[in-house]
Amino acid sequence: MKILLVEDDVKLGKATSELLAYEGCTVDWAQDGAEAAAMVKESLSASYDIVLLDWMLPGDHDGIAVLKELRQNEKTRTVPVIMLTAKAEELDRVLGLEVGADDYVTKPFSFREMVSRVRAQLRRTQWEKDDPTVRRYGKLTIFLNEHRAAADGKTLNLSPKEYDILCKLMEKPNWVVTREQLLSSIWGDEYEGEMRT
């Protein structure tokens, strides 16, 4: 298991790195946002399994900026991110989760709880990797066996054709699909209706 720890507090960063190494993890430790971004860029071929991210980092690249970059990059957008931060207000937690964090742990925290949360995120990720009937793109999920789609965990109310269109688009995220391709694959070659249906 490969973990990126982004923490500017040297004492906490060292203790967390050692604890995770004791748990059998490989830990890369960045002490600011720019260093974290560089590490992510260097390791894209063997991406991180999880990122532990402090919010308040030195310089102009705080944890929220790093989180946004992770979520905007196609290769890292699904990597679980746990915020480890002293920002304990409800508004801060909501912002962190809204921007794309998978979990939010406030400082000071129990190392045992932090390790348990890491394991929980990794279990969820592994289940998704092992299940070919689930497709994910950002906050959008399609459950092929259930003929159901969800956004941010909430089931979408889609017609059968809307669901089929969404499935087609999810086959190749970020690719352009023409009207002709959609009509051919969803309505079939015999369709004689309007192109803008």
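Contact means heavy atoms within 4.5 Å. These legends describe a predicted model, in which local features need pLDDT of at least 70, side-chain atom pairs count only at pLDDT 80 or more, and totals for chains, interfaces and linings use all residues. Residues are numbered from 1 along each chain as its sequence is written, and side-chain values use heavy atoms, with hydrogens and water left out.

**View A. Aspartate 92 and its contacts.** Aspartate 92 sits in helix H4, residues 90-99. Helices (H or I, at least four residues) and strands (E, at least two) are DSSP runs, numbered from the N terminus. Leaving aside residues up to four places away in sequence, aspartate 92 touches Trp55, Lys87 and Tyr104. Aspartate 92 is buried but has no salt bridge. Buried means under 20% relative accessible area, exposed over 50%, and partly exposed in between (1.4 Å probe, protein chains only). A salt bridge is a side-chain nitrogen of Lys or Arg within 4 Å of a carboxyl oxygen of Asp or Glu. The nearest side chain of opposite charge, lysine 87, is 4.2 Å away. For charge, Lys and Arg count as positive and Asp and Glu as negative; His and the chain ends are not counted.

**View B. Aspartate 54 meets lysine 107.** Their side chains form a salt bridge (3.4 Å, N to O). The pair links distant parts of the chain, 53 residues apart. Aspartate 54 is in the loop between strand S3 (50-53) and helix H3 (63-72), and lysine 107 is in the loop between S5 and H5. Aspartate 54 is buried, at 3% relative accessibility. Lysine 107 is partly exposed, at 23%. A network of salt bridges links Glu7, Asp54 and Lys107.

**View C. A cis bond at proline 108.** The peptide bond from lysine 107 to proline 108 is cis, with omega near -10 degrees. Proline 108 lies in the loop between strand S5 (103-106) and helix H5 (111-130).

**View D. Arginine 119 meets glutamate 23.** This salt bridge spans 2.3 Å, N to O. Arginine 119 is in helix H5, and glutamate 23 is in the loop between H1 and strand S2 (26-30), 96 residues apart. Arginine 119 is partly exposed at 42% relative accessibility. Glutamate 23 is partly exposed at 34%.

**View E. Histidine 147 in a loop.** Histidine 147 is found between strand S7 (140-143) and strand S8 (148-151). Its phi is near 55 degrees, a positive value in a residue other than glycine. Histidine 147 is partly exposed, with a relative accessible area of 47%.
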